[in-house]
Structures are given as C-alpha cells and as structure tokens.
Amino acid sequence: MSTTESRQTTTEAPSTAADQAVKETLEDYTLRFAPRSYRRWTPMVVATTALGGIAYMADFSIGAGIGLAHGTGNALVAIAVAAVVIFVTGFPLAYYGARYNIDLDLITRGSGFGYYGSVLTSVIFASFTFIFFALEGSIMAQGLKLGLGLPLWLGYAVSTLLVIPLVVYGMKALSTLQVWTTPIWLLLMAGPLVYLIVDDPGTVDRFLAYPGTSGDGGVNTASVMLGAGVCLSLIAQIGEQIDYLRFMPPKTEANKRTWWTAVVMAGPGWVVLGALKQAIGVFLAVYVIAEVGPAAAPEPIQQFRSAFDAMMPSWMVVPLAVALVVISQIKINVTNAYSGSLAWTNSFTRVTKHYPGRMVFVLVNLAFALALMEADMFSFLGGILGFYSNCAIAWVVTVATDIGINKYVLKLSPLQPEFRRGMLHAVNPVGVVAFVCASGLSIAMYFHLLGDTLQPYSPVAAAVIAFAVTPLMAVATKGRYYLRRTDDGIGEPLLDTEGNPSAVTLDCHVCRRPYERPDLTACVTHGAVVCSLCLSTDKAGDHVLPAAAA
C-alpha cells in the first residue's frame, strides 16, 4: 500500500469514530473540552445543578455507622476532620475545572499523570460512581420494600433501570431535574430534624451523650481516624461536581463575584452540606435506637420514617419517607451513572483508540452497581468505604498538590492544564509514583500489614505521602515529563484577553466539524488542524504531532 493510501485509510478510521461521537444525541462533550457555545447556563444554575447531585442518602448511613460504633463525640470530630481535608483538596480542582472547562480526568492528565497515566485514576473514579450508585440503590430498595412491599432484589433492579431514561440526555436534562427537585428534597430532609429538636429538646442531650458500642463517650484519636477514613471515601465526589462545573460560563469582570461564589459553593463547598447530613445521620440514628432499636438505626428509610412518625398522621409517614428516599436516589444516581459513563469512556477510548459511545458505559456502570446491590454491599458499607478511601485520597491529594505546589510554588508543572494527545507524555512519573506510593502504603496499613496500631491512620498516611512525594518527584524529574511539546502548531492563542479559553473556532480536517481553539492541535502530516477526539481515535498516530524539546 502506498503512503498516500495509508494516510487516507488512517484518516477514514478516526473520521468514522469521530462522526459517531459527534452525531450521537447522547453526547455531552465526553473526553473533551466543553466549548463556550454549549455553556449557556448562568453560574448559579450550574451551581444548583451540581449541588443537586449530592442529595444522596448514604451520608446519613455513613454518619450513623460512625456514631453507632464510636460515639457522637468521635463521629462529629471525624466528620469535621474529613470535611476540612475534602474542602482544601477540592478547591484547586474545582477552580481548574470551572476556569478551563475540563473534567477531572483531563485535569489529572496534565497534573502529574500523563496522557495514559490517568487511565488508572479514571478507573478509580468510575469505581467510586458505581459503588455509590449501589449504596443509593440499596437505600431506595429499602424504601420500596417498606412502602410497596417489593422484595429487595426487585427493588435493586427498579432503582437501577429507573435512571436510564433520565441520564442519557446529559447536562440539559440533568440541570432541569436537579433545579426543580432540590427545594422539595431540602424541605423533606430538614423539616423532621427541626421538628424533633423543637418538640423534644431532650433528643439533643441524648444525641450528644451517646457513647457508641466501642467507646466510653470520650474522644480518642484512633476512633476519630477510623471514622474520618470512612468519610474521606467521599473525597472523589469532587469529580462529579466538576462534571457540572466544567459547564461554567467564562469568568469576566462583570460576573466574577457570582462566578467565584458558584465555584466555591458547588465545588469544595459540597462537603459542608455533606458533613451536615452525616451529623444528622448520627442524630437520627440515636433517635431511632430509642424509638425502634439498633438494627434499623443505620437505614435512612427507618431514620426518616421514625422522624416523620413523630410529627404527622400515621397514614402520611411511609409515603413521605419513601418519597424522600426516591427523590434523593434519583438525584444522585443520575449523576453517578452520568459521571461513571464519562470516566469509563475516557479510559476505554484512550486505551483502544475506539469510541463506543457513552451509552454503552452507562449500561456497564449500572451493571456493576446492580451486581454489588445483589451482593448486599449495604451490610458491609464501612469496610468497603474505608478501603476505597485510601485510593481516592491518594489520587485527589496528588492532583491537588500538583496544582497548588508544583504549579504555583515550584513552577515545575505547566500553569495551564494540558490534556491533548501528542502534547503530553504517555506517563508522568510525578503523579503516578506519588499515587502508587500513597495508595499502596495506606492500603497495607488498612489491612494491618504494618501493625494494628497504625491501622486507623491509613487515610492520614495516604494524604501525607501523596502531599510529600508529589513535589519531591517534580523536583527529582525537574518537570521534564509534563509536556511532550510546548507548541501545538496553531498560531491562534489558547486563551482570550481575560484568561478564558478562546472561543475562536476552526474546522477539524478529519471529522470536518468546527471546534473551539482549546480542543484542537495542528496535524503536520496533513497541514491542517485536528480535534482532540479524532486524535484519541487515531490508531496509527498519523495526526499526532512529533515530540519536541520542552
């Protein structure tokens, strides 16, 4: 075959894949920069949509589990410690997602992991989404069993199938769903708590004095760390927040106050509401123990059933409790299914150079979640989350440290994030080594391989090791492995005069469609420009720019 024929063949293959992606009505800028032409929502609409995704009920179970085991004092301190860590690490990630309109995987690529190195973290994030989908689906199945008498196995299936028609249309459908259901959810969640406190102030005293099954009522470091480790499993939630924040409008002088408010509130600020829900979970669990018994205390449906029972006629109790659980489950699980499908698609397309369509991975993610539900994962919730948190902490802290320290302090990491194939090295040892060290050692600690005394401190180890090794690796490598080349071959600037990604459009010569400047690189083989998805699906590497000295 001649060189010309070979080039035509390799051009046609990615064109087919790219056309499939572009024409797919379910596409929501998977794998790529979110263009300004698509980002038509105000900062507050984006923030409300993002916050609607944290309506999950698992927080109540997490708080209840920690409180029942370690007592109220240890639980509240653990929740506060985890919240501070999550807020601090989430801030730089949320800023980069909102400012440069890319998701957490694209941020991770250019923040220490490399083009293929971040496949590892994409799989971790995808695992987060189906684990929490399963938790929420289990809670909904408990509600359906109580309200409709459905057996749990059927409830698991219903909770899984219900989200499919809601999630397939991406951000446009999700924003409408989240905005309209959030006020109802807040009312149903906060109303019973306020009533119980006002009607019987003694519930607060019992709550504060609860010692837990393994405690004496005092606060001790080991119990706090064990509880914080479970809470820190939620650190990867920032990835789902960024899946919405990437659709923020450009930051300008006119909107900068509302822009920053929305980013902080819907980015790291999600943990404020999350921590409050965990504390409410402890409160309701202690209340349920006195009213019903300890067996039902960790189940949100029983928590709210007991709370509603104290404030309204009996015929309204179960319907309202079930309504709260169903609304909460739908709000979060459409986000879990959506974000998980993005993560799986990202990984699969980079590894195989083939784009199968996001809907394929919606179904894959739901299949994993359903399998976990049928395996009754709710009964060993604490163990799953405690183990998972080590990997999630190592990843998020590594990326946050690369942004905060390596970019802004050491200036060894490029300040502007890069995600395009050809511009990045395949693997950057800075993030990969830091992540492997932090997660590996902390998991060893979690499974008692380094002794029983250190076991409760595995999440602390994950955070400290990631924070220390990331800048050490950047210094050791002198930042050589961040960029494969510094020039993408296009004369048009990437950013406009206000520092936002440029809205100038150019036509990709492979799929023959217009894309905004940040999504494109030059193609020296064909003397034109090519979009990031066509680069991702280019199996022969015919469009990838050659390496150049950084």
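**Note on the predicted model: rings, charges and helix packing**

1. Arginine 350 lies over the face of tyrosine 115, 6.0 Å from the ring centre. A charge counts as over a ring if NZ of Lys or CZ of Arg is within 6 Å of the ring centre and within 35 degrees of the ring normal. Lysine 251 has its charged end over the ring of tryptophan 259, also 6.0 Å from the centre.

2. Some ground rules. This is a predicted model, where local features need pLDDT of at least 70 and side-chain atom pairs count only at pLDDT 80 or more, while totals for chains, interfaces and linings use all residues. Residues are numbered from 1 along each chain as its sequence is written, and side-chain values use heavy atoms, with hydrogens and water left out.

3. There are 22 aromatic pairs in the structure. The ring centres of tyrosine 95 and tryptophan 260 are 5.4 Å apart and the planes are at 5°, so this pair is stacked. Rings of Phe, Tyr and Trp (its six-membered ring) pair with centres within 6.5 Å; planes under 30 degrees apart are stacked, over 60 edge-to-face, the rest tilted. The partners sit 165 residues apart: tyrosine 95 in helix α4 (residues 72–100), tryptophan 260 in helix α13 (residues 256–266). Helices are DSSP runs (H or I, at least four residues), numbered from the N terminus.

4. Tyrosine 95 is buried, at 17% relative accessible area. Tryptophan 260 is partly exposed, at 30%. The cut-offs are under 20% for buried and over 50% for exposed, with partly exposed in between (1.4 Å probe, protein chains only).

5. Which residues of helix α7 (residues 152–161) are buried? They are Gly155, Tyr156, Ser159 and Thr160. Their arc around the axis is only 135°, which puts them on the same side of α7. The arc is taken from the directions from the helix axis to the C-beta atoms. Trp153 and Leu161 are exposed on the other side of α7.

6. The axes of helix α6 (residues 119–148) and helix α15 (residues 300–309) come within 8 Å and cross at roughly 50°. Axes are lines fitted to C-alpha atoms, for helices over the stretch in contact, with angles from 0 to 180 degrees between N-to-C directions. The two helices are therefore oblique: angles under 35 degrees are roughly parallel, over 145 roughly antiparallel, 65 to 115 roughly perpendicular, the rest oblique. Ile139, Gln142, Gly143 and Leu146 of α6 make the contact with Pro300, Ile301 and Arg305 of α15. Contact means heavy atoms within 4.5 Å.
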